[in-house]
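Biologist: Please show me the chain. I would like to go through a few of its helices with you.

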Amino acid sequence: MTTATPRRPLELFGVDGLLTDEEREIATTVRRFVEDRLKPNVAEWFESGTPPRELTQELGSLGVLGMHLQGYGCAGTNAVSYGLACLELEAADSGLRSLVSVQGSLSMFSIYRYGSEEQKQQWLPRLASGTAIGCFGLTEPDFGSNPAGMRTHARRSGGDWVLNGSKMWITNGSLADVATIWAQTDEGIRGFVVPTDTPGLTATKITRKLSLRASVTSELSLSDVRLPASAELPEARGLGAPLACLNEARFGIVFGALGAARDSLESTLDYASTRVQFDRPIAGFQLTQQKLADMTLELGKGYLLALHLGRLKDAGRLRPEQVSLGKLNNVREAIAIARECRTILGGSGITLEYPALRHANNLESVLTYEDTSEMHTLVLGQALTGLSAFRG
Ligand code: FAD
């Protein structure tokens, strides 16, 4: 027994009606760019491990770099619109969404929120247009989940600062023109705006990745990097500053991960409707339909959660543990959806012809960065019990 044309999974939830005209328009514009420019090329960029540098300027022209910030060439949209743009971009690839997240929510936001007027004028318009690329160095080889222990150190030397140390897993690191570097000082953790051509700063691309291949990830080494006093982010005091930046980026992930899930599910639905085994489309088997129905439920619930958190953020009422809740759930469900889609694709699912396994592999990184699922679980545990379990 057949029925009318198959429906797109999120249509079942009627979510479009929950958006304003402007939000819908922004999502549509980004989706068009994704369909025309990103999707036809992303498998190649993933395979070669080299997204083209000029893509950043195209993303700047699209208006998505720092789009939720006000002034300095930024679009000044609301948080929900930013989230929807992340979702559409991640429907292409989590690595491409990462480029946008790191540029807007980590590099630009750190300067926007904690920088001097001079730093903002110097960097934000270029970063918004994509003529400059930014990165954000918090993680170190020995300090990932526990950045408080960082060893990178800045000491005063006359009127200057001198930085030594290393940073690991830095998105955009080898592409960047400017790096926000977090370091211990005698006065506590401080942030520094470091042009990447400063002598003593070197970036080495991390190769042989199995995940997020369409994104550049690097190790940064700082050896007697001398900076003027004006390089310090004047408003950043202590670890709370970089953690607040991470919270901005995590918000984008709450939406973004659903893009990878939606794309996996939609492409798999199309495949299942035409792939015939035992004389009928595999979409007609009950076991396949159960998978499709369960995945649709999780996708829709994740979307409603993201939208709710976005509305809270736009109302200025979003708390960090609520962002943890969204990241934990939506990345966990997105990776489960991408993996389940791969099973429906059978052997075809292991190639780059279909996006599900590429999305699943990418989501391994998304599960880990901006704090691991375990860290977000502990955040929720602490919120529920009042007890911190971070140290066992
Ligand atoms: P670890 O901290 O060593 O953790 C290993 C395991 O131990 C995890 O499962 C973790 O959950 C678990 N664990 C640790 N502590 C506890 C505990 N108390 N209780 C229970 N379990 C625990 N960082 C940046 O600064 N800038 C970037 O641009 C950036 N981009 C990244 C891009 C990619 C592709 C990746 C993979 C990472 C990126 N990161 C970046 C780093 C990322 O934020 C870290 O990898 C992450 O915080 C985890 O740190 P770690 O890898 O050192 O793992």
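Modeller: A residue counts as buried when its relative accessible area is under 20%. The model shown here is predicted.

Biologist: Which residues of helix H2 are buried?
Modeller: Helix H2 covers residues 55-62. Its buried residues are Leu55, Thr56, Leu59 and Gly60.

Biologist: What covers the buried residues of H2?
Modeller: The cover comes from elsewhere in the chain and includes several helices. Among them are helix H1 (21-48), helix H3 (79-92), helix H4 (94-114) and helix H5 (117-129).

Biologist: Which residue follows H2, and what is its phi?
Modeller: H2 is followed by Gly63. The phi of Gly63 is positive, near 90°.

Biologist: At what angle do H3 and H4 pack, and how far apart are their axes?
Modeller: Two packed helices are described by the angle between their axes and the distance between the axes. For H3 and H4 the angle is about 145°, and the axes are 6 Å apart.

Biologist: Which residues make that contact, and how do they divide by class?
Modeller: H3 contributes Tyr82, Cys86, Leu89, Glu90 and Ala92. From H4 come Ser94, Leu96, Arg97, Val100, Ser101 and Ser105. By class, the contact of H3 with H4 has six nonpolar, three polar and two charged residues.

Biologist: What is the handedness of the crossing, and which residues of H10 make the contact?
Modeller: H8 passes H10 in a left-handed crossing. On the H8 side the contact is made by Glu321, Ser324, Leu325, Lys327 and Leu328. On the H10 side it is made by Ser373, His376, Thr377, Val379, Leu380 and Ala383.

Biologist: Is Tyr271 buried or exposed?
Modeller: Tyr271 lies in helix H6 (residues 240-274). Its relative accessible area is 10%, so Tyr271 is buried.

Biologist: Which residues is Tyr271 in contact with, leaving aside its neighbours within four places in sequence?
Modeller: Contact here means heavy atoms within 4.5 Å. With those neighbours set aside, the contacts of Tyr271 are Ile282, Ile344, Leu345, Ser348 and Tyr354.

Terms used: Residues are numbered from 1 along each chain as its sequence is written. This is a predicted model: local features need pLDDT of at least 70, side-chain atom pairs count only at pLDDT 80 or more; totals for chains, interfaces and linings use all residues. Side-chain values use heavy atoms; hydrogens and water are left out. Buried means under 20% relative accessible area, exposed over 50%, partly exposed in between (1.4 Å probe, protein chains only). Helices (H or I, at least four residues) and strands (E, at least two) are DSSP runs, numbered from the N terminus. A crossing is left-handed if the near helix is turned anticlockwise from the far one by less than a right angle, and right-handed if clockwise. Axes are lines fitted to C-alpha atoms, for helices over the stretch in contact, and angles run from 0 to 180 degrees between N-to-C directions. Ala, Val, Leu, Ile, Met, Phe, Trp, Tyr, Cys and Pro count as nonpolar, Asp, Glu, Lys and Arg as charged, and the others, Gly among them, as polar.
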